[in-house]
Amino acid sequence: MKSKLIGIAEGILFGGSILLLFFLLFESYITIPLWMQPIGRMHPIMLHFPIALMLLALLLEFFRFRPEFKSQPFFQNFSRYLLLFSILTGLIAAIMGLFLSQEEGYSGQMLNWHKWSGAGMVFLASLIYAFRDNQWYQEKVAKVAIGITTFSIILAGHFGATLTHGENFILEPVLAAQVKMVPFEEAQVFNHLILPILENKCNSCHNSSKAKGELIMTSIKTLLKGGENGVVFVGGKPEESSLLSRIHLPEQDDDHMPPSGKPQLTDKEKALLEQWIKSNLEPETMLVSLPESDELRVIARVFFDSQLSEPAFDFSPANPKTIQELNTSYRAVIPFAKDSPALDVVLFSSVNFSPASIEELVKVSEQVVALNLNKMPVTDQYMPSILRFENLIRLNLNFTEITGKGLNELEKLKNLQQLSVSGTKVDFVSLEQAATNFENLQTVTVWDTPVTKSELETLRDEFKNITWEVGREDLDEDILQLNLPRLSNDSNIFTDSLALKIGHPIRDVEIRFTLDGSEPDRENSPKFVFGETVLTEGKLVKARAYKDGWGNSEVATFNVYQNRNLPDTVMLLSKLSRVHPANGSKTFFDKEQGTFNANSPAWANNWAGFRGNSMELLLEYDEEVEVSSVGMRVLVEPSNVISPPESIEIWGGDDPNSLKLVGKMKPKQPTKEGEPYIELVTCEFETITAKYIKVVSKPVEKIGDWSRQKGAGGLLLVDELFVN
């Protein structure tokens with residue numbers, strides 16, 4: 001009976017291994033039905049069991065050849081049965097994992113490595129089991145085989161952990177401690193303010209190796225590209241940005257991001273993301289270039305301040321009742337950081353300000369580490385009171401009445417890291433003395449003071465360990481470049497005619513444009529005037545903005561398309577890609593256009609994809625129409641085998657069952673890898689009159705030798721058709 005069970009188990013192992021290999025090789029052609037998806041979702045529960053069993057079985061196999069065990073039938077049989085059972089459970093876990101990977105939200109190179117290393121663990125252990133009783137399978141061979149199999153288990157576990165917890169999960173605390181904070185004056189809006197938040201809270205699931213939901217958040221380019229559900233934010237429209245709606249959902253909600261159990265965004269980080277989307281700034285915008293009152297700059301300033309190194313506070317917290325008494329309508333006393341005994345004090349009203357406003361804080365003088373007296377009528381005579389806050393690390397004296405003499409009295413504040421004296425009478429000599437005597441000073445804000453630009457450069461050269469922040473005053477000699485002009489029409493697709501509208505966010509800007517593909521300039525190109533340019537056919541529009549005192553903008557390029565013959569019915573006759581279903585048959589005439597870059601952030605939602613089969617559309621018209629061309633807007637991304645169609649055929653007639661071929665073409669294909677772009681591919685033919693038009697567009701069967709993925713099948717992505 002025992003031998004029969006072993007035979008059945010071995011048969012299951014052989015058949016299951018063939019099935020596993022089949023799934024690995026042909027998974028792109030396999031669709032897991034809904035009723036089987038719960039089996040795949042048991043993969044995380046199942047996987048730890050076979051790993052532990054297999055490691056134990058391999059350990060027993062390692063010692064199997066020792067004399068004291070070689071002669072023991074029980075040990076030999078037990079190690080054999082344990083190895084067989086561990087392989088079977090590993091096989092089940094691997095198949096479950098492949099089922100799970102078929103669900104939406106799993107992609108990337110790391111997933112492929114995890115699949116093959118997990119399957120390799122099963123295959124290698126199966127080979128050990130199959131040959132362990134052969135004469136040539138001796139101790140040295142066994143140890144090599146065990147070592148390779150153990151290594152594959154470690155790899156599978158490593159890649160799985162990376163998929164679950166993100167890259168560098170083990171070393172993340174060490175690496176994070178080595179990251180140097182960029183000074184506020186050198187910080188860019190995206191790279192130094194937003195990207196670090198995404199890296200800490202989002203990129204463990206949304207990187208090039210994992211790409212959950214096909215969303216990668218490691219750069220502005222990939223972020224704007226969006227994921228399988230389209231764009232995650234719309235610049236200037238926080239109410240339409242799913243990124244914000246998801247982070248504000250209750251943590252127990254399935255759609256909340258980051259998922260429950262992952263490090264969550266703080267309120268400060270959420271506020272930064274919301275204000276960033278609302279501001280709709282170019283990614284490279286310097287924070288210091290924003291007006292002082294700009295809300296994003298204000299929040300960012302606080303965020304950067306919180307990153308300053310914090311001394312180890314060894315004092316006890318203040319009495320909560322005392323703190324409550326000190327909070328008034330003109331003074332806020334709040335915790336400096338979560339679970340910290342330190343306090344942050346801000347005074348608001350200059351009308352209500354008096355010496356008592358500071359003197360009353362003596363009750364918590366030990367705990368106050370940040371004091372904001374911005375725009376208060378503070379003079380040099382208040383310095384002795386401020387000196388009582390011996391643990392201050394941040395002091396804001398902007399737009400007060402202090403002088404250099406008063407500043408020098410504060411030199412006893414040995415813990416001070418950040419000092420703000422903008423809008424005061426503090427001069428170069430006083431600042432030089434302060435920079436020498438304040439031992440821990442890291443940042444000084446000095447704009448709108450008697451300090452000249454040359455004196456500022458002297459301070460920077462002399463005290464390189466201190467960041468001297470000067471706001472926009474340091475940029476007076478720079479010429480700011482104008483933003484790109486924008487197409488202001490509701491849609492760039494029209495039927496009969498279109499009154500062209502080109503706008504710009506800055507007032508009194510002059511826009512020059514062309515319609516013939518040439519580069520616009522101020523001397524030779526026509527000036528754009530609203531209402532004067534009416535298009536009656538599709539055009540490539542190029543525009544550039546000019547304004548005296550500003551740098552000219554780059555050239556903005558807009559495609560304006562005509563679609564004269566909109567069908568009454570659209571029938572999709574072929575299969576759409578599982579990853580790019582878009583809006584089904586409605587996709588091709590809904591005026592919702594896909595894109596790929598920062599200028600136009602829509603992505604996966606609007607592209608209909610075809611791979612392995614042609615795109616076949618049947619367009620039906622209630623009445624006969626005259627047609628002489630059919631165009632399609634396609635995405636070309638050479639590095640990712642997204643290509644124009646290999647061929648296009650246009651069929652026409654009044655009977656859908658007896659259509660005639662009226663046009664055929666083979667679009668030009670990429671010959672080298674490069675940046676993605678959008679192309680209008682148009683098949684022209686002699687004018688026909690028809691009630692039915694059939695469009696057959698075949699994806700590239702094999703990518704050429706120029707590609708790193710040569711021989712792979714191309715992906716055809718189409719968003720709009722134009723029948724004229």
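This report walks through a predicted model of one protein chain, from its overall make-up to a few local features.

**The chain as a whole**

The chain has 724 residues, and buried residues make up 47% of them. It holds 20 helices and 22 strands. Among contacts between residues at least 6 apart in sequence, 70% join residues at least 24 apart. The chain exposes about 36900 Å², and carbon and sulfur atoms supply 54% of that area.

**Helix H4**

Helix H4 covers residues 48-63, which is 16 residues. At 1.5 Å a residue it should span 22 Å, and its end C-alpha atoms are 23 Å apart, which agrees. The buried residues of H4 are Pro 50, Leu 53, Met 54, Ala 57, Leu 58, Leu 60 and Glu 61. Seen down the axis of H4, these buried residues fall within an arc of 160°, so they line one face of the helix.

Strand E14 (residues 539-546) pairs with strand E15 (residues 556-562) in the antiparallel sense, over five bridges. In one of these strands, E15, Phe 558 is the bridge partner of Val 541.

**Aromatic rings**

A pair of aromatic rings is described by the distance of the centres and the angle of the planes. The count here comes to 11 aromatic pairs. Two of them are set out below.

| Pair | Distance of centres | Angle of planes | Class |
|---|---|---|---|
| Phe 353 and Tyr 382 | 5.4 Å | 50° | tilted |
| Tyr 561 and Phe 722 | 4.6 Å | 15° | stacked |

Where do Phe 353 and Tyr 382 lie? Phe 353 lies in the loop between strand E2 (343-347) and helix H16 (355-359). Tyr 382 lies in the loop between strand E3 (368-372) and helix H17 (383-386). The pair therefore ties together parts that are 29 residues apart in sequence. Phe 353 is buried, with a relative accessible area of 10%. Tyr 382 also counts as buried, at 9% relative accessibility.

The rings of Tyr 561 and Phe 722 have their planes at 15°, so that pair is stacked. Tyr 561 lies in strand E15 and Phe 722 in strand E22 (residues 716-723), so this pair ties together parts that are 161 residues apart in sequence. Both Tyr 561 and Phe 722 are buried.

Elsewhere, Phe 65, Phe 131, Trp 136 and Tyr 137 form one aromatic cluster.

**Positive phi in a loop**

Ala 582 has a positive phi of about 50°, although it is not a glycine. Its place is in the loop between strand E16 (569-572) and strand E17 (608-610). Is Ala 582 buried or partly exposed? At 26% relative accessibility, Ala 582 counts as partly exposed.

Lys 591 is not a glycine either, yet has a positive phi of about 65°. Lys 591 is also placed in the loop between E16 and E17. At 40% relative accessibility, Lys 591 counts as partly exposed.

Note on methods: Residues numbered from 1 in each chain as written. Predicted model: local features only at pLDDT ≥ 70, side-chain atom pairs only at ≥ 80, totals over all residues. Heavy atoms only, no water. Helix = DSSP H or I, 4+ residues; strand = E, 2+ residues; numbered from the N terminus. Expected span 1.5 Å × (residues − 1). Buried < 20%, exposed > 50% of the residue type's maximum accessible area, 1.4 Å probe, protein only. Arc of directions from axis to C-beta. Contact = heavy atoms within 4.5 Å. Areas by Shrake-Rupley, 256 points an atom, 1.4 Å probe, with all protein chains shown as cover. Pairing = 2+ DSSP bridges. Phe/Tyr/Trp six-rings, centres within 6.5 Å; stacked < 30°, edge-to-face > 60°.
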